[in-house]
Amino acid sequence: MSDMTPIGQPLLEVRNLSKNFGPVQALNDLTMMVRAGEVVALAGDNGAGKTTLIKAISGVYQPSSGEILLKGKPVSFASPQEARDQGIETIYQDLALADNLTIGANIFLGREPMRRAFGFLPVLDRAKMAEAAKSTMALLDFHVSRLDAPVSNFSGGQRQAVAIGRAVYWNAQILIMDEPTAALGVPEQRKVIQLIHQLKAQGRGVIFISHNLQDIFAVADRIVVLRRGVQAGERRIADTTHDEVVKLMVGG
Amino acid sequence: MTSPPAAPAGHVAPQADHADKARTLLQRIADLRAWLFLAFLILGFELWSRISFGGTFLFNPFNIQSIAVFAVAPLLLATGQTFVIISGGIDLSMGFIMGLAAVVAAHVINWATPGMGFGLAVLFGSVVAVLVAAIPGIVNGMLVALLKVPPFIGTLGMFGVARGVAFLLAGGTTVPVKNEVFSALGNGKISGVPYIIIVTAIFVLIMHYLLGQTKFGQHNYAIGANAQAARRAGINIKWHLLRLYILSGMCAGLAGVLYAARFSAGAAQAGEPLLLDSVAAVVIGGASLFGGSGTILGTVAGAFVIAVIQYGLVFINVAPFWQFISVGVVIIISVLIDQAQRRFSGGRQSE
């Protein structure tokens, strides 16, 4: 991980980003920044443009205007795969894991390592996958012994950790998390919050979408509030309150 | 709560994973249920034949060979079906693709024998038949992958098309093959083991490797469990499904060729009764029709369970209709075990 940006340096910048679908202006002239080792929460009511914003950053949508800079260099992604190759990984709220596969197989899904059995026959390198699973999950302070068990055997929070682990293994610099705690019970939510703290300590940038203000205040450094496609405000978490954030969200 | 809570202080002990070994043992037993069924059946027939006519069932090599030859065609269909069912689909057209391939092999070998000689004509005819069997596979794949037709409906349509084409090519009758090499392939033995069993065993091993050890197999499991996740992980699902249905078509093609070799004739209805047997073999073998689980070795056991029931009931001289009842009961028990296992392991059903 020698190519990590030093903590505090800008990792991702979004400048004057707009996106319209026909006449509908989903996102209007939005500017924000994520630094290395920083968690930025995106908040806003339904339809405020949070999802459009992360889809533009992760390569699902092409912005109508404005630019995205990664480590100071302008980038544009034709597909989510390109964004991922450049270190921007999105973790969806519905997990995107194959339940019947092991942690290792999920981490390597679509890019499985191969080895040669008997010197000629290409086979899946399960030992390497298990090893990577073990070390990656340990990095997230999540110690697994059953590396041959399918992920359906694990709890919601643990599975969320696997999804995050996959991003970490592929050395994602920016993790975009869409409601990572929405489907979880309270202890599991705590575990995920803790995971985000670890990502932060490792110098990654996290964009965190949540409806849950408690989660946002527990983990984020800054909060960007969107309302009807425009930035309604940006606050350092240390300088704001729940009430102020809610006011920004609903307007008035 | 207006002030931000501090970051979790100190180290919270990480949750251990569910290291419940008893549960895994139970799961292992459930995973091996097809083999347990098989052992149970063989034991039952052995006891019956000893008690009622003092002979042996299992230790008679003729019985074993007959059962294996019996299992060849359903097993070939079932290996292809295993891949399709794991991906969350089903291929109903395999039975008549098999018949189509048998008819094509018969015609092509008859046509080529005068020009090419016996051996080469067999090789040529078999390759052509398997390639022809790939064509309905391509159409199935395009229907399912590109046009998003549900596999059940798409392959049901192809079931009808392949059936009609096979009967048209056969002229509504069976097509006899006049080629000694071909009938030797179908009925000959090498040190007591029929060639068709050797061919099938090698083929099943290759399919086992393909499913268990390659990216294609791994992606197949992932697509069956969560197609959305597979797509997000960068797997080209359309390309995968296209290849998958071509593979199942070609499995049926090989089954058709071996059928034609065994009976020295191509018949359009060759695979008709085998299709549901093949699906049953896959299900008894531990695959879920929801997709995402199953193995080739399980399917082998499932195919042998069916073959042993069918052969064994004839052997102990029971009215043949009991076969249907027994196979049906085994299928139902098998699915019940599968569902109980899912509930135990906390795995989610298809959503």
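**A residue, a sheet and a core**

Guide: Start with A:Glu67, which counts as partly exposed because it has 13 C-beta neighbours inside 10 Å. The cut-offs are these: 20 or more other C-beta atoms within 10 Å of a residue's own make it buried, 12 or fewer exposed, and anything in between partly exposed, with C-beta atoms placed from the backbone. The model is predicted: local features need pLDDT of at least 70, side-chain atom pairs count only at pLDDT 80 or more, and totals for chains, interfaces and linings use all residues. Residues are numbered from 1 along each chain as its sequence is written, while chains are lettered from A and ligands numbered from 1 in the order in which they are written.

A:Glu67 sits in strand β4 (residues 65–70) of chain A. Strands (E, at least two residues) and helices (H or I, at least four) are DSSP runs, numbered from the N terminus. Leaving out residues up to four places away in sequence, A:Glu67 touches A:Arg15 and A:Pro74. Contact means that C-beta atoms, placed from the backbone, lie within 7 Å. From A:Glu67 to A:Ile193 is 126 residues in sequence and 30 Å in space, C-alpha to C-alpha.

Now the sheet. In chain A, six strands make an open sheet with mixed pairing, ordered β6-β9-β10-β3-β11-β12. Two strands pair if DSSP finds at least two bridges between them. At the edges are β6 (88–91) and β12 (230–236) of chain A, each pairing on one side only. On average, with direction ignored, neighbouring strands of the sheet are turned by 20° against each other.

Look at β3(A). β3(A) pairs with β10(A) in the parallel sense over four bridges. There A:Val39 has A:Val206 as its bridge partner. β3(A) also pairs with β11(A), again parallel, over five bridges.

One step along, β9 (residues 174–178) and β10 (residues 205–209) of chain A run parallel and are joined by five bridges. A:Ile174 has A:Gly205 of β10(A) as its bridge partner. Helix α6 (residues 186–201) of chain A packs on the sheet, touching β3 (39–44), β9 and β10 of chain A, and its direction makes about 150° with that of β10(A). Helix α8 (residues 242–250) of chain A lies across β3, β11 (222–227) and β12 of chain A, at about 25° to β11(A). Axes here are lines fitted to C-alpha atoms, for helices over the stretch in contact, with angles from 0 to 180 degrees between N-to-C directions.

Between β11 and β12 of chain A, the loop holds A:Arg228. Phi of A:Arg228 is near 50°, a positive value in a residue other than glycine. A:Arg228 counts as partly exposed because it has 15 C-beta neighbours inside 10 Å.

B:Lys148 lies in the loop between α5 (118–146) and α6 (151–170) of chain B. Phi of B:Lys148 is near 60°, a positive value in a non-glycine residue. B:Lys148 is exposed, because 9 other C-beta atoms lie within 10 Å.

Next, the core. A nonpolar core is a set of buried Ala, Val, Leu, Ile, Met, Phe, Trp, Tyr and Cys residues joined through C-beta atoms within 7 Å. The largest has 175 residues, and A:Phe208, B:Leu77, B:Met98, B:Leu100, B:Ala101 and B:Val305 touch the most other members. Helix α11 (residues 237–263) of chain B gives the largest share of this core, 15 residues. Setting aside neighbours within four places in sequence, B:Leu77 contacts residues including B:Met94, B:Met98, B:Cys251, B:Ala252 and B:Leu274.

Last, chain B overall. Chain B has 14 helices and four strands. Its C-alpha atoms fill a box of roughly 90 × 55 × 35 Å along the principal axes. Of the 351 residues in chain B, 48% are buried. Among contacts in chain B with a separation of 6 or more, 78% join residues 24 or more positions apart.

Notes. Contact = placed C-beta atoms within 7 Å.
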